[in-house]
Amino acid sequence: MIASALIAASALIVTIVAAPNYYGGNESYNTNDGIPICQNYRAELQVLDTSKPPFSSGLSFTQVLRSSTGSPDRQIPHQQAIAWISSKTPLPSSGLEPLEIVVDKTSPVDPDQFSDKDVVDALAATKQKMDALAEPARLRARARANPYEAIGRSIFVNRSAVKMANLDALCDLLGVGARTGGQRGFFFADLCSGPGGFTEYILWRFATRGVPARGWGITLKGDQDFNLDRMARECRAKEFFVPCYGADGTGNIYKTDNIRNFTQTVEIGTQDEGVDLVTADGGFHVGGDEHHQEEHSKQLVLCQVLTMFLTLRK
Ligand SMILES: C[S@@+](CC[C@H](N)C(=O)[O-])C[C@H]1O[C@@H](n2cnc3c(N)ncnc32)[C@H](O)[C@@H]1O
């Protein structure tokens, strides 16, 4: 696993202000989905001094929604803290390799296994109340609940890249390679990752800091395939990223042979070192059955976790 550490709190106060004139005064502005948000408001994102109470660790963001019609400001705190899972006993350098991987139908999700069933039921009941909302209203609510939606996709292929920028602010991606002991630059694997926003951000971040980085990815062929041509020029994605589609050429990570094929490609590319970072973001439409999304995705999550253990630096 990547090294264990708790990211130190920022001692600085940075303010990013989306002033009204950025968006034409009181006019609404659009997210990438074309959803108008922040009508009559301006949004400010502030990185607060988290070394002082009430914050204990991690970066924290406050969104200030300011009414242009003179009503008082409304503060919506967005605290973000991270915790690392680490292993006190050294991980075995081998063990998974000889195991047969059987991808089969998984058992139903047991809400009591890692969580509290009452909390899960209460959440489901609350989510069900949103079923009656028209789609534009639901998307508008989503956009207003998350200040990062205001950033859109920035210079990248999609919003996933901006999510990775958020994780970078919390986890210091540039420092990960140093912590995992890589000597030949930073290696990463990006699973279920088309069109490639995570990859684009990682390559862009390292390239613009002059640190060598190289990545391998696997994703389903089709309309969400990797789109290296659209990635920022600085990434030089075709040079530093290897798209893989497994033994059968479909990119389907459910298949044992595809997982094995991807693992071997990474082993050869990293000269058996493994990668410093694995990111995974597999997802698909669940055909209106969003309330059981976890059940639908459980198998995909397991395959990604397994592939992570097979490719991560030990
Ligand atoms: C939310 S998108 C990933 C976005 C990506 N993180 C990015 O930065 O652009 C989900 C991806 O999972 C892929 N996916 C879904 N099921 C998969 C499977 N069985 N095997 C491989 N990829 C899969 C989809 O094709 C899609 O590319």
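Helices (H or I, at least four residues) and strands (E, at least two) are DSSP runs, numbered from the N terminus. K127 sits in helix α2, residues 117-129. This is a predicted model, in which local features need pLDDT of at least 70, side-chain atom pairs count only at pLDDT 80 or more, and totals for chains, interfaces and linings use all residues. Residues are numbered from 1 along each chain as its sequence is written, and side-chain values use heavy atoms, with hydrogens and water left out.

Burial follows relative accessible area: buried is under 20%, exposed is over 50%, and partly exposed is in between (1.4 Å probe, protein chains only). K127 has a relative accessible area of 34%, so K127 is partly exposed. K127 and E290 are 163 residues apart in sequence, yet their C-alpha atoms are 9.5 Å apart in space.

A83 belongs to the loop between β6 (74-79) and α1 (111-114). A83 counts as exposed because its relative accessibility is 69%.

M308 is part of helix α9. With 17% relative accessibility, M308 counts as buried. M308 and L191 are 117 residues apart along the chain, with 8.4 Å between their C-alpha atoms.

**The ligand shell**

Which residues come nearest to the ligand? They are N158, G197, F198, N252 and D281, out of 20 residues around the ligand. A residue is near a molecule if one of its heavy atoms lies within 4 Å of it. By class, the shell has 7 nonpolar, 12 polar and 1 charged residues. Here Ala, Val, Leu, Ile, Met, Phe, Trp, Tyr, Cys and Pro count as nonpolar, Asp, Glu, Lys and Arg as charged, and the others, Gly among them, as polar.

Polar contacts are pairs of N or O atoms within 3.5 Å; within protein, one must be able to donate a hydrogen and the other to accept it, and residues adjacent in sequence count only if both atoms are side-chain atoms. A ligand oxygen atom lies 3.5 Å from a polar backbone atom of C192. A ligand nitrogen atom is 3.4 Å from a polar backbone atom of L220. A nitrogen atom of the ligand is also 3.5 Å from a polar backbone atom of G251. On its own the ligand has 610 Å² of accessible area, and the protein covers 90% of that. Accessible areas come from the Shrake-Rupley method with a 1.4 Å probe; for residues, only the protein chains shown count as cover.

**Charge pairs**

Side chains of opposite charge can pair when their charged atoms come close. A salt bridge is a side-chain nitrogen of Lys or Arg within 4 Å of a carboxyl oxygen of Asp or Glu. By this rule the count is 8 salt bridges. The table lists some of them.

| Pair | N to O distance |
|---|---|
| K117 and D121 | 2.8 Å |
| R236 and E239 | 2.8 Å |
| K255 and D248 | 3.3 Å |

K117 and D121 are 4 residues apart in helix α2, so about one helical turn separates them. K117 is partly exposed at 36%, and D121 is partly exposed at 36%. R236 is partly exposed at 46%, and E239 is partly exposed at 44%. K255 is partly exposed at 40%, and D248 is partly exposed at 35%. Elsewhere, salt bridges that share partners join E273, D276 and R313 into one network.

**A nonpolar patch**

V301, V305 and F309 make a nonpolar surface patch of about 220 Å². Patches are made of residues with over 30% relative accessible area and no salt bridge: like charges are joined within 9 Å, nonpolar side chains (Val, Leu, Ile, Met, Phe, Trp, Tyr) within 5 Å. V301 lies in helix α9, residues 293-311. V301 is partly exposed, at 43% relative accessibility.

**Backbone geometry**

Where is P195 placed? P195 is in the loop between β7 (186-191) and α6 (197-208). The peptide bond from G194 to P195 is cis, with omega near 0°.

S154 is not a glycine, but its phi is positive, near 55°. S154 lies in the loop between α3 (135-145) and α4 (159-171). At 45% relative accessibility, S154 is partly exposed. D172, also not a glycine, has a positive phi of about 55°. D172 is in the loop between α4 and α5 (173-180), and D172 is partly exposed at 34% relative accessibility.
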